[in-house]
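My notes follow the structure.

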Number of protein chains: 2
Amino acid sequence: MEYLTGVRDKEVMEISELKKSGKEGQKVWVNGAVHTIRDMGTIAFVVLRKREGLLQCVYEKKKSGFDLKIVREGAAVEAEGVVEKNEKAPNGIEVHLEGIHILSEPEAVRMPLAVSKWKLDTSLEAKLNYRSISLRNIRERAKFRVQEGLTRAFRDFLYSQGFTEIHTPKIGARGAEGGANIFKLDYFHRPAVLAQSPQFYKQMMVGAFDRVFETAPVFRAEKHSTKRHLNEYTSLDFEMGYIDGFEDIMAMETGYLQYAVKLLKKEYERELCILDITLPEVSRIPAVRFSEIKERVSEKYGHKMKNPFDLEPEEELLIGRYVKEEWGSDFVFVTHYPSKKRPFYAMDDPEDSRYTLSFDLLFGGMEVTTGGQRIHDYRMLTEKIAARGMSKEGMEPYLDAFKHGMPPHGGLGIGLERLTMKLAGEDNVRETTLFPRDLSRLEP
Amino acid sequence: MEYLTGVRDKEVMEISELKKSGKEGQKVWVNGAVHTIRDMGTIAFVVLRKREGLLQCVYEKKKSGFDLKIVREGAAVEAEGVVEKNEKAPNGIEVHLEGIHILSEPEAVRMPLAVSKWKLDTSLEAKLNYRSISLRNIRERAKFRVQEGLTRAFRDFLYSQGFTEIHTPKIGARGAEGGANIFKLDYFHRPAVLAQSPQFYKQMMVGAFDRVFETAPVFRAEKHSTKRHLNEYTSLDFEMGYIDGFEDIMAMETGYLQYAVKLLKKEYERELCILDITLPEVSRIPAVRFSEIKERVSEKYGHKMKNPFDLEPEEELLIGRYVKEEWGSDFVFVTHYPSKKRPFYAMDDPEDSRYTLSFDLLFGGMEVTTGGQRIHDYRMLTEKIAARGMSKEGMEPYLDAFKHGMPPHGGLGIGLERLTMKLAGEDNVRETTLFPRDLSRLEP
């Protein structure tokens, strides 16, 4: 028997430690994956890929004391050497090698993708097929660090606002939204479905915790094959009680975006720089009615409306353009969506029941959030279910919460991969999805 | 068009604000759900349930200016009144009512469960059937606040240790561990499965990010009907590269537990108090070999070993007892599990290949974590796959990562609901699962 007492101090150093003043001229141990080797004849640069970035190691045959041939691209190594400043090296430092230890070697002679290039010059298809390889490219992996920042900001901000994190089941007896877009499975010989959203559960939990959130996968069996749809994605969901109106939900999302921008600036500067991301202005976000912005766009750009109850993707793009040109904003809340296009639990506008107290948030002309106020009154809810010709069957546990009292409440769901995509300036949501699932892709 | 500028200041106050010095004697606005009403004749106590706890409001017919009859248990209300100190009241304060506004009313006359009692005196079955109601009990909901603390600590600690958060797909073409315990579904007319664990993906991502973690649902179609098994649960997973041995994984988990205890003490004191939880000692955690602890337990308690390759639940309990009695610890790492009982990717002990460089962490005599070092060498991995009579088919994307170089690495998976269960002193994992899924339960 022996004791574990916590994380051990290691001799090997991270880049941030090497950069600290006073380290210059000192002998250090470092490790990493051999990202690339540039052999210049008398000297060679062995660039290591570490979690904090690239570290240039300088090999000189006489001083380094080993044969460069034993080092291969893709190997994992531990090396010793002396830290020196070098403005031209990544991160401004380099290590003059005095020894190396090969931790592991690749089996293959060549990488299937040129990951050590600054921009990975290959098709999306190839990137996704070789996901474990393509993410070894510094720019590719940086997108997912930014994605981490967005998720982390969501949680940290909501903790600070008194929200409780919940974990709701992904396998259930029926879908929250209904409809055909549900994946079905066999659950010990009973029919079951995969959750399209945590909608019912998060509403039920408002009665217990007042404010809840979840960051988890959702599943949509939609037969879309577009650049913006996925069949599995990460949804950032929250739901909050005791609201005065659905403006409280938009205000909370605005607060989140402000916090996210701050956190990214503070903790993810390296990745923002790698991806050349300019953070959007979020100090104020315009909110405009659905019918109003539709008219404005139609007027300004001569766009012909096809569907008066919904926004076509091209119309969203024009709204994005309008909002940028007229109000100088990358974001816009489009409010009061037609009741027809919103689920039964959406609260209708008491001033005009053809519309709902709901919104979408568009970012750069694309929907990244859907939210709004929900019905909290049991009778109003059951009447709307009946009016839509829906059955209450199977909805009893959901309705129980309302039967026994629920505060006025509302919430939203943010598509994490889309938000990352727009922030990173990508044009396909698969670029910012670790392992996308779509009509044709189930692997890797 | 109008602008949203962030979270608005509200007049209504939370309990922590009301408790601040200087608030005494002041008129305030508060809101909450009517948890219980105790009518004493001349005065009445209207206790509000808020996210921070219970708030006692004092009703006096003459002073309060409304009829108590309009207030019903289960209603959501906004009230005005004057804050006063009262040592006997929950949180040491009360509000003397001067007005009330009913935000919403329950449809039903009676709650199906007596949620306002201190301990919810009902069966687990009833609690789960009425989950949205039973969690309105202060003790019941507190368990899930503690669960939040455990998850939050996991992420925050790993962020501080240079880990990147990832989101891996839950729908895939094949399972990571193989075997029969996989839920199957139809994915656009192709056979697909639900992820038993993020194992393959997190290993693949070590090659890109060095250290990764995920907190997400996993799905096991196991036909167990026990107090400790769920068919869907939240797994806290991490995987880290450049380890010197599997001891690094155990050290990282010990560090996490130490951080979790600290965070719970700091941010969740209220809930620890409600649940009467004494936090375990985690400054050092004993680690003992599988075969050694089996013998020790057999010797001390006269336990007859049935299965030399695995631990029976009753054996785990005895180990828990032994470790507590002999080494004064609630936790123990049981190391070097037999190779037979570990998956193909587990690294065998080079000193004795019948055993693996792996471990389970037991907490109070129950497994809450499985982890270990993984094979990082492509040849060793493919040879082990062949030796087990498995096929490489469908594993190519996983094997690609190794073919092109992977550092020595390892990781673990923690069952969040089990960890919460043991911490809260519960004896059924369903007590600490928001909406459990088991052989018979698919709803709510």
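**Domains, axis, strands**

I looked up the domains of chain A first. The assignment, whose bounds come from an automatic or database source, gives domain 1 (15-104) and domain 2 (138-167 + 208-432). I then took the C-alpha centres of domain 1 and domain 2 of chain A: they lie 46 Å apart.

I noted the ground rules. This is a predicted model, where local features need pLDDT of at least 70, side-chain atom pairs count only at pLDDT 80 or more, and totals for chains, interfaces and linings use all residues. Residues are numbered from 1 along each chain as its sequence is written, and chains are lettered from A and ligands numbered from 1 in the order in which they are written.

Next, the two chains. I superposed by least squares on C-alpha atoms of residues with pLDDT of at least 70 in both copies. A 180° rotation with 0.0 Å of shift along its axis puts chain B on chain A, at RMSD 0.0 Å. That is the relation of a two-fold axis. The same surface serves both copies: 100% of the contact residues of chain B recur in chain A (contact: C-beta atoms, placed from the backbone, within 7 Å). In chain B, Leu185(B) comes closest to the rotation axis, with its C-alpha at 2.3 Å.

Last, the strands of chain A. Strands are DSSP runs of E, at least two residues, numbered from the N terminus; a pair needs at least two DSSP bridges. I found β2(A) (residues 27-39) antiparallel to β5(A) (residues 76-85), with seven bridges. There, Asn31(A) has Glu78(A) as bridge partner. β2(A) also pairs antiparallel with β3(A) (residues 43-50) over six bridges. Ala33(A) partners Arg49(A) in β3(A). The hairpin of β2(A) and β3(A) has three residues between the strands, and Gly41(A) takes a positive phi near 100°.

Conventions
Contact = placed C-beta atoms within 7 Å. Helix = DSSP H or I, 4+ residues; strand = E, 2+ residues; numbered from the N terminus.
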